Amino acid sequence: MAPLLDHKIGDAMLSSLPWRSKSNLLTCSLLLLIYLTSHPALAKPSSLKEITDGNWEDILAGEWMIEFFAPWCPACQQLQPVWNEFADWGEDMGVNIAKVDVTEQPGLSGRFIITSLPTVYHCKDGLFRRYQGARTKDDLLSFIDEKKWQGIEPVSSWFGPSSFMMNTMSALFKLSMFIRHCHNYLIEHLGIPVWGSYVIFGLATLFSGLVLGLILVFIADFVFPSRRFNSPNYYQKKQTMEQARLIQQLEEEQEADGEEDDEDDEDGVQEDVWRRRRASPEGRPEEVLRKRVVGNREDQDEDS
């Protein structure tokens with residue numbers, strides 16, 4: 001009864017105003033509406049939140065519905081009006097509605113392993129489930145209101161966005177995006193040809209691999225030093241082995257010298273015998289030959 005009375009009083013007051021006052025009031029109302037629409041800060045704030053690499057840990061607490069999209073994706077463009085309407089209901093249902101632009105947040109794309117667009121995740125107190133239902137406002141509302149997410153198996157902790165594996169994947173995606181920006185800068189701003197950019201990145205990869213390998217070797221030697229070098233008797237044993245090797249080498253050299261001396265002695269003895277034979281009349285070759293001829297003739301005379 002009271003609202004009806006207030007409405008009648010308002011109509012009576014408006015009808016009592018002159019036509020020019022009514023026109024001015026309508027103009028002021030229209031200008032106020034245009035001003036509010038042109039200044040979003042004064043209008044109703046949007047309930048759709050934006051997740052970045054800097055604030056993504058906020059979704060680990062409470063209940064969230066997160067859309068991963070790309071501006072160039074046609075399916076994402078079709079879902080966007082529905083998602084905005086769904087976000088208007090988020091505050092009433094006690095759920096946070098958010099979106100992630102994968103072109104601006106490559107780290108989150110790798111952290112959640114986004115392979116298709118758009119992708120929707122439901123998160124409840126750090127447990128993530130992938131939404132694969134229909135993408136209408138009523139289906140999204142019923143998914144939250146009827147708690148249909150309880151029938152979906154959550155993502156394993158090994159593949160959770162806060163796990164070590166996904167942190168590594170996020171870093172790799174960020175690195176790939178950084179390399180892409182560097183490549184575009186080289187070919188667009190510096191005028192380097194595409195093949196030249198590939199050569200530069202190839203050499204940089206080779207050099208970084210060598211440096212990383214050396215660092216890993218130094219770390220391994222420092223953390224897991226060789227027991228052989230840490231042994232207190234290592235250097236003493238090494239010196240003893242060196243001395244034994246030198247002694248063996250000297251003995252071998254002495255044996256070789258002794259064999260050469262023996263061979264020289266044998267050669268000297270043979271030369272002395274030969275000289276003695278040549279010095280004696282019987283030892284000369286012509287005397288031996290003469291004796292053989294005389295002996296043969298005597299044998300022939302006896303036979304005859």
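**Notes on the predicted model**

1. Cysteines first. The disulfide count for this structure comes to zero. Bear in mind that this is a predicted model. For reference, a disulfide is a covalent bond between the sulfur atoms of two cysteines. The cut-off used here is a pair of cysteine sulfur atoms within 2.5 Å.

2. Cys 123 has a relative accessibility of 0%, so it counts as buried. Cys 182 comes out at 25%, so that one goes down as partly exposed. The labels follow from the cut-offs: buried means under 20%, and exposed means over 50%.

3. Next, the loop between helix H5 (106-111) and strand S4 (119-124), which is where Pro 118 sits. Have a look at the peptide bond going from Leu 117 to Pro 118: it is cis, with omega near -10°.

4. Ile 113 is in that loop between H5 and S4 too. Its phi is positive, about 50°, although Ile 113 is not a glycine. How accessible is Ile 113? Its relative accessibility is 38%, so Ile 113 counts as partly exposed.

5. Asp 125 is another non-glycine residue with a positive phi, in this case near 55°. You'll find Asp 125 in the loop between S4 and strand S5 (127-131). With a relative accessible area of 52%, Asp 125 is classed as exposed, because the cut-off for that label is over 50%.

6. Now the surface, starting with the nonpolar side. Which residues make up the nonpolar patch? They are Phe 207, Val 211, Leu 212, Ile 215, Leu 216, Ile 219, Phe 222, Val 223 and Phe 224, and together they have about 980 Å² of accessible area. Val 211 is a handy one to click on: it belongs to helix H8, which covers residues 194-223. The relative accessible area of Val 211 is 33%, so it is partly exposed. That value is enough for patch membership, because patches are made of residues with over 30% relative accessible area and no salt bridge.

7. Last, a charged spot. If you want to find it on the model, Glu 252 is located in helix H10, residues 234-279. At 47% relative accessibility, Glu 252 is another residue that counts as partly exposed.

Terms used: Residues are numbered from 1 along each chain as its sequence is written. This is a predicted model: local features need pLDDT of at least 70, side-chain atom pairs count only at pLDDT 80 or more; totals for chains, interfaces and linings use all residues. Side-chain values use heavy atoms; hydrogens and water are left out. Helices (H or I, at least four residues) and strands (E, at least two) are DSSP runs, numbered from the N terminus. Buried means under 20% relative accessible area, exposed over 50%, partly exposed in between (1.4 Å probe, protein chains only). Patches are made of residues with over 30% relative accessible area and no salt bridge: like charges are joined within 9 Å, nonpolar side chains (Val, Leu, Ile, Met, Phe, Trp, Tyr) within 5 Å. Accessible areas come from the Shrake-Rupley method with a 1.4 Å probe; for residues, only the protein chains shown count as cover. A salt bridge is a side-chain nitrogen of Lys or Arg within 4 Å of a carboxyl oxygen of Asp or Glu.
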